[in-house]
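Thanks for coming, everyone. I'd like to walk through one model and a few of its residues. Here it is on the screen.

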Amino acid sequence: MNFSGYDPTQIINPLLRLLLHYVNSFSGLSKEVWWLALITLINRAGAMVIPFLSLYLTDDLDFSLQQVGWIMTSFGLGSFFGAWLGGKLSDQIGYYKVILGSLFLTGISFLFIQYFTSFWSICIGFFILIAIADAARPAFFVALSAYSKPENKTRSLTFIRLAINLGFSAGPALGGLIIASIGYYGLFWVDGITCIIAGLVMIRTLHPKKAKILDKETVIENPKKAHSDGIYMLFLISLALFGFIFVQYFSTVPLYYKEIHRLSEEKIGLLLAMNGALIFFFEMPLIAYLEKTSISKIGNVIGGLLLTGISFVLLLITPWGGILVIGMIIATLGEMVAFPFGNAFALERAKRGKQGAYMGLYTMSFSVAHIFGHNSGMQLIDNFGYNNTWIFMALIAIFGTILLLIVKRKLNQEKTTH
């Protein structure tokens, strides 16, 4: 083999540039954002029950698809109530106390709920558990806004999402192994303990007074009520539709993997873990690049929603197992583009009023998706089959895109009138 004339720098230099670009995408983030990311990582790495919840309810507790759908609805109602309560409490007692209380109480709740086995006890139990857990979500957004510098908001949001998805990447993979070795009950113990550990880390590393030094943005004197902001409410409706199709990847899609493609829990866990791994390696550089383009935040959300809709269309094309991997990649790309810019737009808009209320409504829009998305998905596949369900999801994506285009037009009109 002749290596004359071969220059190894032809390969090494591009790799070094790629690595440098990846490292630079993290530069400028405050120390507090790094700690917040670590707390999120610990918390989400333990969130193993949620991706396997539909399988746990059908396999371990022998519930029907209709019953699972209603349990998922109670899950969503708890999320909705928790998001409202968390937004309210964040404005009244501060985000720090809300997050800390949520982490400890969620950990305790996970340890208890494994002993609930009847339909109604599961419904009530998960309503309470998710209400407590999701009370922290608007508080996390407010904390992130407070701990990050104004020019780093979008990248800080992306960094926290990276931590979330790194946790979700490890969680399902480990969760599949735990189920195979000791059973589903092991997931509840791991979830509970990691929530408590995340709370302890927060006590040691973060202090609410530090936020006042970092957050230099001015707060307006006459805050606008979030629910009276027409553009914001229309944006939230479109996000709820986005969430409606996105949550299928945590309820109906895992069932599709198992029932139609005969995948084991371990393989399902690895497929879900791929989502987090892709986000870990590519989201920060992708967002750093997109921020330099002329594409608006809403424009990026539109692109992400369309990609997620396309991922469902791909499932209709062929029974080939490899399409599951391709579909997950497309859906992940849509998620990587839409969520950071959707979060950033919401935080930017929240400066018009009380941040807790704005971000509470933002979180509630995804809770609505949990309330209707899981149950509707279950009922649809039970009555019309998987293919018709995926067609319906694609149509929802188109409708959500139309609403976002209206939001974009109204924003342009708003700019011209101010």
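**Helices, contacts and ring pairs**

Let's start with Thr 308, which sits in helix 14, residues 297-317. Keep in mind that this is a predicted model. Is Thr 308 buried or exposed? Its relative accessible area is 0%, so Thr 308 is buried. Which residues does Thr 308 touch, leaving out those up to four places away in sequence? They are Phe 242, Ile 245, Ala 331, Gly 334 and Glu 335.

Now helix 11. Helix 11 covers residues 230-246. It has 17 residues, and at 1.5 Å a residue they should span 24 Å. The end C-alpha atoms are 24 Å apart, so expectation and model agree. How many of the residues of helix 11 are buried? The count is 14 of the 17, so the helix is largely enclosed by the rest of the structure.

Next, the aromatic rings. A pair of aromatic rings is described by two things: the distance of the centres and the angle of the planes. The structure holds 15 aromatic pairs. One of them is Phe 244 with Phe 392. Their centres are 6.3 Å apart, with 65° between the planes. That makes the pair edge-to-face, because angles over 60 degrees count that way. What does the pair tie together? Phe 244 lies in helix 11 and Phe 392 in helix 16, residues 355-417, so the pair links parts that are 148 residues apart in sequence. Phe 244 has 11% relative accessibility, so it counts as buried. Phe 392 is partly exposed, with a relative accessible area of 34%.

Here is another pair: Tyr 386 and Trp 390. This one is tilted, at 5.8 Å centre to centre and 40° between the planes. Both residues lie in helix 16. They are four residues apart, about one turn of the helix. Both Tyr 386 and Trp 390 are buried. They also belong to a cluster, where ring pairs link them with Tyr 249, Tyr 256 and Phe 312.

Last stop: Gln 248. Where is Gln 248? It is in the loop between helix 11 and helix 12, the latter being 252-259. Its relative accessible area is 0%, so Gln 248 is buried. Set aside its neighbours within four places in sequence, and the contacts of Gln 248 are Val 253, Pro 254, Phe 312, Gly 373, His 374, Gly 377 and Met 393. Phe 312 is also a member of the ring cluster.

Methods. Residues are numbered from 1 along each chain as its sequence is written. This is a predicted model: local features need pLDDT of at least 70, side-chain atom pairs count only at pLDDT 80 or more; totals for chains, interfaces and linings use all residues. Side-chain values use heavy atoms; hydrogens and water are left out. Rings of Phe, Tyr and Trp (its six-membered ring) pair if their centres lie within 6.5 Å; planes under 30 degrees apart count as stacked, over 60 as edge-to-face and the rest as tilted. Helices (H or I, at least four residues) and strands (E, at least two) are DSSP runs, numbered from the N terminus. Buried means under 20% relative accessible area, exposed over 50%, partly exposed in between (1.4 Å probe, protein chains only). Contact means heavy atoms within 4.5 Å. The expected span of a helix is 1.5 Å times one less than its number of residues.
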